[in-house]
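Here is a friendly walk through a structure that you can follow on screen. Please keep the sequence and the 3D view side by side as you read.

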Amino acid sequence: MTYITDIFLIAISAALINNFVLYYFVGICPFIGVSRNVDIAFGMGFAVTFVMTIAGSISWAITTLVLVPGAPFTRFIAGFFLDPGQAVQIDLTTLSYIVYIFAIASSVQFVEMYIRKFFPSLYKSFGVFLPLITTNCAILFACLTIMSHVAGVENPADVWGLSKALALSFFGGVGFTIAIVIMAGIREELDFCDVPECLQGAAITLIVAGILAMAFMGFTGVDSGLRVALTGG
Amino acid sequence: MVMVTVGLAAGTMILMAVLFTFILGWANRAFHVEIDPRIGKVIAALPGVNCGGCGFVGCGEYAEAIVLENTPVNKCTVGGMSCALALGDIMGVRVDVSVSLRPIVHCGARTVDRLGRSEYRGEMMCRTANLVADVQGCTYGCLGFGDCERECDYDAIHVIDGLATVDYGACVGCGACARVCPRNIITITPFRSNRILAVICSNHDAGKDVTKVCKVGCLGCRACSRISNLFVVENNLSTLNYAEYTEDRMTELVAASKRCPRHRLQFVGEGTGIVPVTMDDDRPDVVRADFKSTVDDTEWRG
């Protein structure tokens, strides 16, 4: 029960409470850049969700198998050179950034080729967005969040499994979609507003993003309340 | 310990590089999609401004439509005839005469010619002003807030004295202005010559009502249609039948334009509208202040 509650809370938290865009302010470039039109924003959000889920699970696997101290792969190789006590101490988490970017870029490339071959209509609707989100910081942020729950956790019971990593990355993408679609809706209306000349363009967009972020602050504390309600204390 | 860590880090990176390279290399062959090589050539031959004048989203879409769906090659308004010929070479088709499409603003009333205007304090956009009654008496004509000017990517249409005026030297005929105009007074018309005759009014009201709201609007008096059958007067507005419009009908067209009591039949095209300043103009490169003319040599008397 607590496991399912945990996953539920991770999902709610990633999508609404700690929304990647409006709470952590990552992924701002597509949030500002492709939020002119609701349809395009929805496509972008869908593509980000897709890539984030794949990249999140790949980076969870790499972190668990290779990077953390005592990871099976690292321990096995180091076992040839060092005694077992030292081999479990080898920590490769310094590689995290470069390895994640590497994994994200390669998986996006792979996914692009795959859907181009087997789902041409999906490829057409993704269009330019799929290669564009290769270097989206929201996706790297999801990978790093997953890493912080796998590496350096004191209590072994708190280490995240694949399902939690998947929940965070998928619902992080859903949260991104929610934020960018709301933003696109506001910006479509903004076209008909008499914006002062000094605030036109990016300035008013950032102000709107700030107000939107303040609105999302209303979700703060919902997670602890939900936890009490679900677990009964 | 340190050496092993460094070695493992390097080993991990190299292993990942080899692994991903292998997977991607395999995927590239396994998921290979055959693309017609002509698409690349067609994209290279198109201007690449993605204006949408051809009716497709961008040049890439149009190129695919040409190669895969046998769309005519002469739809590019920006590239014109030379582009159509180049595309015809690639596709191996003969190019028919490509008529250039240019916008005509079917309103000729400047601010001074418009009657029944009221004060308007809303948003200075045609789209919103069009929703409000009595911004000006004429409910058909140009509002002059310049939605078309803002929409134009080529700086080819400007509001001058409250009337949208096309700069035919800069216009490429993409049709953005015609799409944005809320009153639909801009039409994209085939220009078979550099200048063509056009009816510069859109008012469908009876002549008596037109005189109340406009000093220059078409009255629907049928003076033009009596001279030439190219003019069709319907709903009190004369329209020109461009399907039959040819150079050899020019005498009757000119005669009709001279008979129009409101001078609504005018030639539009190159040299009309906004006339661009050319390099040949006799103007000094740098304009310097002439201090002699600013000296006040008025003699005070009295």
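In the hairpin formed by β6(B) and β7(B), two residues sit between the strands, and N235(B) takes a positive phi near 50°. Strand β6 (residues 231-234) of chain B and strand β7 (residues 237-240) of chain B pair in the antiparallel sense over four bridges. Within β7(B), S238(B) is the bridge partner of V233(B). Two strands pair here if DSSP finds at least two bridges between them. Helices (H or I, at least four residues) and strands (E, at least two) are DSSP runs, numbered from the N terminus.

This is a predicted model, in which local features need pLDDT of at least 70, side-chain atom pairs count only at pLDDT 80 or more, and totals for chains, interfaces and linings use all residues. Residues are numbered from 1 along each chain as its sequence is written, chains are lettered from A and ligands numbered from 1 in the order in which they are written, and side-chain values use heavy atoms, with hydrogens and water left out.

Two aspartates of chain B also have a positive phi, as the table shows.

| Residue | Phi | Loop in chain B | Relative accessible area |
|---|---|---|---|
| D161(B) | about 50° | between β2 and β3 (163-166) | 52% |

Buried means under 20% relative accessible area, exposed over 50%, and partly exposed in between (1.4 Å probe, protein chains only).

## Where the chains meet

How many residues does each chain bring to the contact? Chain B gives 25 residues and chain A gives 31 residues, where contact means heavy atoms within 4.5 Å. Between them, the chains bury about 2,300 Å², with 83% of it on carbon and sulfur atoms. Buried area is the accessible area (1.4 Å probe) that two parts lose on being put together, summed over both. On the chain B side, M1(B), L8(B) and F31(B) lose the most area to chain A, together 26% of what that side buries.

Helix α1 (residues 2-30) of chain B supplies the largest share of the side that touches chain A, with 16 residues. The residues of that side of chain B divide into 18 nonpolar, four polar and three charged.

One residue pair is in polar contact across the two chains, both at pLDDT 80 or more. A polar contact is a pair of N or O atoms within 3.5 Å; within protein, one must be able to donate a hydrogen and the other to accept it, and residues adjacent in sequence count only if both atoms are side-chain atoms.

## Inside chain A

Chain A has twelve helices and zero strands. Of its 233 residues, 44% count as buried. One of the helices, α3 (residues 38-67) of chain A, holds T53(A), which is buried at a relative accessible area of 17%. A polar atom of the T53(A) side chain lies 2.6 Å from the backbone oxygen of T49(A). Beyond its neighbours within four places in sequence, T53(A) is in contact with L166(A), S169(A) and F170(A).

Note on methods:
Nonpolar A, V, L, I, M, F, W, Y, C, P; charged D, E, K, R; others polar.
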